[in-house]
Amino acid sequence: MHVPTPAIRTRARRTVAAVIGLAMVLVVGLMPVAAFDPSELFELEPSPPPQPARVLEPPTIPRPVPARTPVVVETVGFDVSWPQCDDELPASFAYAVVGVNRGRTYSENDCLVEQLEWAGRDADVYLNTANPGPHHSMFWPVGTSVPVTCDRRDEDSHECAYVYGWNAAADGYARVLAAHVALGWADADADRVQTEGTWWLDVETANSWMRDPKLNVASLQGAVDYLESTGADDIGFYSTPLLWWRITAGTDDFADYAAWHAGGHSQEEAAERCDHDAFTGGSLRFVQWIEDGIDRNLRCP
């Protein structure tokens, strides 16, 4: 019997196509994932769901806060004396100290009145001190008996040194009183300086001193006792630890009195020196340095 050719060919084509299609499915299923371009994988990721629209709130405007005035503790002051005579002095300062003498006992700063007027009635003052002995001073108190006797037969005694210090402080005090009278701060017949300022005793080797430090201490004690006899409320000493040692051998007889240290080179160094021990053994109140040709002082905490 004869089978028609077209029918057979048609069925054969269908069978072959089915077999080839199945083979391609199996081959594709066996291919590794890495065969795909990674960019296609990203394209196939689902898009994120839409987020609700943000409701924008008006910006908050901060309320103005009144500026606080900083509390400034004035710690820097100046000291002036005859070297600054007729100079233009700072217009503002925390405190001031005025030198009474012209670098020596029994002398006067020619601008004392003007500088006290600049500094104010309650400004601190400082007096020069010394102990030159009977052979180097026309003011040596030999033969006097107030407040103690300076015997002519013992001119180098502790008593004579004590009286010299007493009298030198009295001379400086009288000059300050006269300046207060000239400024109208005291009556012409006043015998006391009405001030709340400190009386500083300047102790330096630039002045004359005896070799015996005990005699020098006696002179300083005389100066302190005179000032206390006037009712001076606050007395201190100006020097450096080295000069104090050379003149007094580091005495602690004045440990109840404040110290004012010289020798700083800047405000930063002055602040560091505020942590040092006072040469008197008492409290350290000021440290001095020179800037722009004028003495400045830092008040220690």
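In this predicted model, glutamate 269 and arginine 273 bring their side chains together in a salt bridge, with N and O 2.6 Å apart. Both residues belong to helix H7 (residues 267–273), where four residues, about one turn of the helix, separate them. Arginine 273 counts as partly exposed because its relative accessibility is 21%, and buried means under 20%.

This pair is one of seven salt bridges in the structure. Another joins arginine 175 to glutamate 108, whose closest N and O atoms are 3.0 Å apart. Here distant parts of the chain are linked: arginine 175 sits in helix H4 (residues 158–182), while glutamate 108 sits in the loop between E2 and helix H3 (112–119), 67 residues apart. Glutamate 108 is partly exposed, at 33% relative accessibility. Through shared partners, salt bridges tie Glu108, Asp171 and Arg175 into one network.

A further salt bridge connects the side chains of aspartate 234 and arginine 285 (2.5 Å, N to O). Both residues are partly exposed, with relative accessibility of 23% for aspartate 234 and 22% for arginine 285.

Charge also gathers on the surface, where Asp86, Asp87, Glu114 and Glu117 form a negative patch. Aspartate 87 belongs to the loop between strand E1 (76–80) and strand E2 (96–99), and its relative accessibility of 44% makes it partly exposed.

Turning to the whole chain, seven helices and eight strands make up its secondary structure. Of its 301 residues, 40% count as buried. The chain exposes about 18,800 Å², and 55% of this comes from carbon and sulfur atoms.

Key:
Residues numbered from 1 in each chain as written. Predicted model: local features only at pLDDT ≥ 70, side-chain atom pairs only at ≥ 80, totals over all residues. Heavy atoms only, no water. Patch = residues over 30% accessible without salt bridge, like charges linked within 9 Å, V, L, I, M, F, W, Y side chains within 5 Å. Areas by Shrake-Rupley, 256 points an atom, 1.4 Å probe, with all protein chains shown as cover. Salt bridge = Lys/Arg side-chain N within 4 Å of Asp/Glu carboxyl O. Lys, Arg positive; Asp, Glu negative; His and termini not counted. Charge placed at Lys NZ, Arg CZ, Asp CG, Glu CD. Helix = DSSP H or I, 4+ residues; strand = E, 2+ residues; numbered from the N terminus. Buried < 20%, exposed > 50% of the residue type's maximum accessible area, 1.4 Å probe, protein only.
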